[in-house]
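Visitor: I would like to learn how to read the features of a model like this one. Could you take me through it step by step?

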Amino acid sequence: MARRKAPEVNAGSMADIAFLLLIFFLVTTTIETDSGLNRKLPPMEDVVDPPIIKERNIFTVVVNKYNQLLVEEKPLELVNLRLEAVKFLDNGGGKGEEACDYCLGDRDLDSSDNPDKAVISLKNDRETDYKVYIAVQNELVAAYNVLRNREFKRLNPNLGLDFVQANKIYNDPRTSITEKERLKPLLGKVKLLFPQKLSEAEPSKTN
Amino acid sequence: MSKFKKKKGGDLPAISTASLPDIVFMLLFFFMVATVMRDNTLLVSNTLPAADQVQKLDKKDRVMYIYAGKPSARYKDKFGTQARIQLNDKFATVQDVAAFVLAEKASKRQELQNVLTTALKVDGDTKMGLISDIKQELRKVNALKINYTTRVGDYSQNLN
């Protein structure tokens, strides 16, 4: 007896099945991009005698429980914080050994000596909202980034990158090692010019 | 009788859909590969604040997550409306943070144990008191690298 040819399986519903799966994955997908502000906490051990920092080298930022800002003992809107912080860091009021030859600031004698000395002190209340705190942090980091970008561009005019972009390339795991080796000293140099000195006081209790 | 019958009318031939499954499969594979299944079910509301000076957290294996915020709607009856910490799949108190960090650290590979980052995924409306407490606990166990996980956006979104 002649063998019958096996009938062809109808593949018309394949598309439907694939669609079903596709829709399932579409719905469950959360393409998570985790990004945020990197910070480093100070270690626990107490410094025996804290170094004395001159008043003019400290930029105090206080956020109260009503989410209002007090910068250098004056109320300030958040929009102006970045500019004020840049002004403070870039002041370069120091003389002689403490002079800052790359600063473009006002050389105000009542503001910071040089970026290496300048410290930003951030203090918040326990009742401050987290999102406001993040906004303040964001602006302070932005102030550093503005200055670092400027210096990076000045030192490496042919690279066509600014500090933030270069740092992003450096931190990308797909970047080749040779490229990283090339960028590392350039980034390090700018970081030395404007070291991020952001100190956080323990939050005050609301009375 | 002519062998070549003249076709009647000008009706268009049907478009072949034979390649449709291929196209759909291609999309399917893309989503299958790109999908990251959430490893934590969120018990707290988690609207992250916005920031624009962000850096990416790339390597997932060296990150541990701490969530905080108000319990989400269906846990409100049980856990109240005060902001709370979530570690793994459970609500936790501030005292549990240290133990959690140490346990996470121990579960990672040796060479990664010292480069771990703690990602704080905190709801924007949380008060700073809770976050300071968490930070204090992290300092106690020497987990000093932290990342405030945010959405990418302008900071002014945070102010309303």
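Guide: We will go through a sheet, a helix pair, one chain's shape and the contact between chains. Please keep in mind that this is a predicted model.

Visitor: Let's begin with the sheet in chain A. What is its strand order?

Guide: The order is β4-β3-β2-β5-β6 in chain A, an open sheet of five strands with mixed pairing. Its edge strands are β4 (74–76) and β6 (198–200) of chain A, each of which pairs on one side only. From one strand to the next, the twist averages 30 degrees.

Visitor: Which strands does helix α2 of chain A touch?

Guide: Helix α2 (residues 81–89) of chain A packs on the sheet and touches β2, β3, β4 and β5 (119–124) of chain A. The direction of α2 makes about 20 degrees with that of β3(A).

Visitor: Now the helices. How should I describe two that pack together?

Guide: Two packed helices are described by the angle between their axes and the distance between the axes. Take α4 (residues 163–171) and α5 (residues 177–193) of chain A: they pack at an angle of about 140 degrees, with axes 10 Å apart. Roughly antiparallel would need an angle over 145 degrees, so α4(A) is oblique to α5(A). The crossing of α4(A) past α5(A) is left-handed.

Visitor: Which residues make that contact?

Guide: From α4(A) come F163(A), A166(A), N167(A), I169(A) and Y170(A). From α5(A) come K180(A), L183(A), K184(A), L186(A), L187(A) and V190(A). By class, the contact has eight nonpolar, one polar and two charged residues.

Visitor: Let's turn to chain B. How many helices and strands are there in it?

Guide: Chain B has four helices and seven strands. Along the sequence they follow the pattern α-β-β-β-α-β-β-α-β-α-β. The radius of gyration of chain B is 26 Å, well over the 15 Å that the globule rule gives for 160 residues, so chain B is more spread out than a compact globule. The C-alpha atoms of chain B fill a box of roughly 100 × 40 × 35 Å along the principal axes.

Visitor: Which strands does β3 of chain B pair with?

Guide: Strand β3 (residues 63–69) of chain B pairs with β6 (residues 117–122) of chain B in the parallel sense, over six bridges. In that pair, I66(B) stands opposite L120(B). Three bridges also join β3(B) to β4 (residues 84–87) of chain B, and these two run antiparallel. There, Y67(B) stands opposite Q86(B).

Visitor: And the contact between the chains, how is its size given?

Guide: The size of an interface is often given as the accessible area lost when the parts come together. Here we can count residues: 45 residues of chain A are in contact with 48 residues of chain B. On the chain A side, α1 (14–28), β1 (35–40) and α3 (130–155) each supply at least two residues. The largest share, eleven residues, comes from α3(A). By class, the chain A side has 23 nonpolar, eleven polar and eleven charged residues.

Visitor: Which strand of chain B is joined to β1(A)?

Guide: Six bridges join β1(A) to β7 (residues 145–152) of chain B, and the two run antiparallel. In β7(B), the bridge partner of L37(A) is Y148(B).

Note on methods
Residues numbered from 1 in each chain as written. Chains lettered and ligands numbered in written order. Predicted model: local features only at pLDDT ≥ 70, side-chain atom pairs only at ≥ 80, totals over all residues. Axes fitted to C-alpha atoms, helices over the stretch in contact; angles between N-to-C directions. Parallel < 35°, antiparallel > 145°, perpendicular 65-115°, else oblique. Left-handed = near helix turned anticlockwise from the far one by under 90°. Contact = placed C-beta atoms within 7 Å. Nonpolar A, V, L, I, M, F, W, Y, C, P; charged D, E, K, R; others polar. Pairing = 2+ DSSP bridges. Rg over C-alpha atoms; globule rule 2.2 N^0.38 Å.
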